[in-house]
Amino acid sequence: MRVLVTGGAGFIGSHYVDVRLRRHPRDQVVVLDKLTYAGNPANLAEARKSPRFRFVKGDICDARLVDRIVRGHRIEAIVNFAAETHVDRSILTPEEFAKTDVLGTQTLLEAVRKFKVKRFLQISTDEVYGSIERGGFKETDPLKPSSPYSASKAGGDLQVLAYWHTYGLPVIITRSSNNYGPRQYPEKLIPLFVTNAIENQPLPLYGDGLNTRDWIYVEDNCLGVDHVLDHGRVGEIYNLGAGNTRTNREITFAILKLLGKPARLIQKVPDRWGHDRRYALNTRKMQALGWRTQWPFVRGLRATVQWYQDHPEWWRPLKSGDYLKYYKKQYAGRGRQQGK
Ligand code: NAD
Ligand code: TDX
């Protein structure tokens, strides 16, 4: 199959490219990525060794470019990972999120329509369901996103479903829980805390630290995505979670323990605005499709911490320049929320 992976230079997308090339020895994979601050050509080092791999730098909102790639490479399937993905950034600059996550998705759907692409797989998130006190969300549950990020992702999902209902396009959506693993940009909880702890810098734990997420190892998510691309039913949504719910405090202490660092590195900071309390997914539908996670949390976290210890050349340059400007801005805005 000839597969277009958008956002393939990012964290999950790059792992997915590796998975697809490894598991399907005859497939060709084209990556389209804008290389925003989160995209990193180094993430595709393994893929570049393959003659079946091509990279194009560009924006999924650029309809002419998307058309040229889909037609030129005779693309049969699109897997859309491209998105603005960080909740804190979406609170500071929501516009980019609506552009890429909603309009970019729609631009890709138009290309699917025009060139009769056989499969369109939209990579979505558990955050579109909102927060849940106990139990896990099912695929049929209503959407109740809280942040500009999750609202934009929900907007993308609704476009995808509308193209299924209206034009009968062969679309599928996966919604995964929080991924972790090598090559995750060090603004997200686990890589931020691991790299800060390595450098003996404070770990900014939001609020009471009791917000809960379900953590899935990135390879388990990618194997699930691949399974859905080949075996999922069009028009369907599939949740991908690992059943590993942990509070942020638990994650923080686990990281400190693995690195042998003291609890005094933990710094209590004001809460994220509109911070969702708990995410969790019901994954029975994926299990019925024959998918299981393979990475227990303890093993996945150990492998992740080890990777960041072994690859300072990957993350050190990312934690300077623009990154620091963003950090200052983020904390400067805290506590100014009105109307709540
Ligand atoms: P990431 O931020 O690491 O990577 C996003 C990639 O998309 C980057 O390479 C970036 O350059 C690219 N990109 C951004 N805007 C683009 C545009 N307009 N055109 C082309 N490329 C563009 O993100 P990630 O964590 O790998 O997430 C990938 C996908 O998975 C996203 O759709 C995200 O919503 C979803 N997701 C992520 C998680 C998670 O825990 N990280 C969980 C559930 C779902
Ligand atoms: O410095 C921090 N301190 C902190 O306490 C950061 C960055 C986060 N947190 C908390 C906020 C959340 O409760 O940790 C939790 C996880 O935060 P993030 O890593 O920012 O992830 P989250 O907001 O849960 O969203 C992630 O999972 C779903 C991804 O960023 C999304 O792209 C994905 O859709």
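Me: Hi! Which side chains meet Arg 175 in a salt bridge here?
Reply: Asp 157 does: in this predicted model, the side chains of Arg 175 and Asp 157 form a salt bridge at 2.9 Å, N to O.

Me: And where do Arg 175 and Asp 157 lie?
Reply: Arg 175 is in strand β6 (residues 171–176) and Asp 157 is in helix α6 (residues 148–167), so their pairing ties together parts 18 residues apart in sequence.

Me: Are Arg 175 and Asp 157 buried or exposed?
Reply: Buried, both of them.

Me: Nice. Switching topic, which residues are joined into one network by salt bridges that share partners?
Reply: That network is made of Arg 20, Arg 23, Asp 27, Asp 226 and Asp 230.

Me: Let's take Arg 20 and Asp 27. How many Å apart are their closest N and O atoms?
Reply: The closest N and O atoms of that salt bridge are 2.7 Å apart. Asp 27 has a relative accessible area of 5%, so it counts as buried. Arg 20 is buried too, with 2%.

Me: What about Arg 20 and Asp 226, how far apart are the closest N and O atoms there?
Reply: Arg 20 also forms a salt bridge with Asp 226, and the closest N and O atoms are 2.7 Å apart. This pair links distant parts of the chain, with Arg 20 in helix α1 (residues 11–23) and Asp 226 in helix α8 (residues 218–231), 206 residues apart. Asp 226 is buried, as is Arg 20.

Me: Last one: how many salt bridges does the count come to?
Reply: The count comes to 22 salt bridges.

Note on methods: Residues numbered from 1 in each chain as written. Chains lettered and ligands numbered in written order. Predicted model: local features only at pLDDT ≥ 70, side-chain atom pairs only at ≥ 80, totals over all residues. Heavy atoms only, no water. Salt bridge = Lys/Arg side-chain N within 4 Å of Asp/Glu carboxyl O. Buried < 20%, exposed > 50% of the residue type's maximum accessible area, 1.4 Å probe, protein only. Helix = DSSP H or I, 4+ residues; strand = E, 2+ residues; numbered from the N terminus.
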